[in-house]
Amino acid sequence: GADGADLTITLDGLADVVAGRDWTARKVLEVGPKYGIHSLWIDEHLAPRELVFSDFAADDRLHEQWTGKLRAPHRFVYGDLRSAAGLVDADDPFELVFFLGVLYHSAFHLPLLGMLNRATRLGGEMLLETTIDPRPDSAMRVRWQQGSGKAKMVPTLDALRIELAWTGWRDVTLFSDYRPASDEVVLLCRKTDELEPGEDVIELVAP
């Protein structure tokens, strides 16, 4: 962005993805809202009936700068997404999930995707953006960030497709014109299968 913020997907790109889709007045979950740039766009253009944010920890330095501008009813659920029970409402699940630039920061891909499955209604959709490893295999690779002591767990595209299938997101559209020269992908995933309680892998497929 012009202010130096890492947007993962630009607002113009987000508008291109949404174009022609009936995503207004939905119950929406955004994971890792960070600067609130996507959050404010979602609020303005999709008019959610409820907008829920999942973040690892409260960050008043970032969140207070933009939450006051939201018009839709909204709330935060803080804590590790894998165990964020406050996101799961069997009587009113999410219809739309934005999971942008988060997955590769964790080594626990299946529990994360499994939790998002449990929090989403059958047929609900998830827009997923992540870094991938470009090699033509189905592997997960650890990338160490030199000097920071942190690591990222980066899947190849085939590995990501397998992870999504295992966790009940078997209907996947790849936007092939998204940053074609980069190691970034955007996928639109539809929830096709319900996970059994306590499970992160559907019965239809097995590791």
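1. Helices here are DSSP runs of H or I with at least four residues, strands are E runs of at least two, and both are numbered from the N terminus. The model is predicted: local features need pLDDT of at least 70, side-chain atom pairs count only at pLDDT 80 or more, and totals for chains, interfaces and linings use all residues. Residues are numbered from 1 along each chain as its sequence is written, and side-chain values use heavy atoms, with hydrogens and water left out.

2. Helix α5 spans residues 157-166. Its buried residues are A159, L160, E163, L164 and A165. Buried means under 20% relative accessible area, exposed over 50%, and partly exposed in between, with a 1.4 Å probe and protein chains only. The cover over these residues includes α4 (109-119), β5 (120-131), β6 (140-145), β7 (150-155), β8 (171-174) and β9 (184-190).

3. Now the sheet. Seven strands form an open, mixed sheet in the order β3-β2-β1-β4-β5-β9-β8. Strands pair if DSSP finds at least two bridges between them. β3 (74-78) and β8 are the edge strands; each has a single partner, so one side of each lacks a neighbour in the sheet. The twist averages 20° from one strand to the next.

4. β5 and β9 run antiparallel and are joined by seven bridges. E129 stands opposite V186 in β9. α4 lies across β1, β4 (94-100) and β5, and runs at about 150° to β5. Angles run from 0 to 180 degrees between N-to-C directions; axes are lines fitted to C-alpha atoms, for helices over the stretch in contact.

5. Helices α1 (residues 11-18) and α2 (residues 37-46) have axes that come within 11 Å and cross at roughly 40°. They are therefore oblique to each other. In α1, L11, L14, A15 and V18 meet I37, H38, W41 and L46 of α2. The contact residues divide into seven nonpolar, one polar and no charged.

6. K27 deserves a look. K27 sits in strand β1 (residues 27-31) and is buried, with a relative accessible area of 2%. Leaving out residues up to four places away in sequence, K27 touches R49, E50, R75, D89, D92, P93, F94, E95 and L96. Contact means heavy atoms within 4.5 Å.

7. E203 lies in the segment after β9. E203 counts as exposed, at 70% relative accessibility. E203 and D193 are ten residues apart in sequence and 9.2 Å apart in space, C-alpha to C-alpha.

Technical notes: Angles under 35 degrees count as roughly parallel, over 145 as roughly antiparallel, 65 to 115 as roughly perpendicular and the rest as oblique. Ala, Val, Leu, Ile, Met, Phe, Trp, Tyr, Cys and Pro count as nonpolar, Asp, Glu, Lys and Arg as charged, and the others, Gly among them, as polar.
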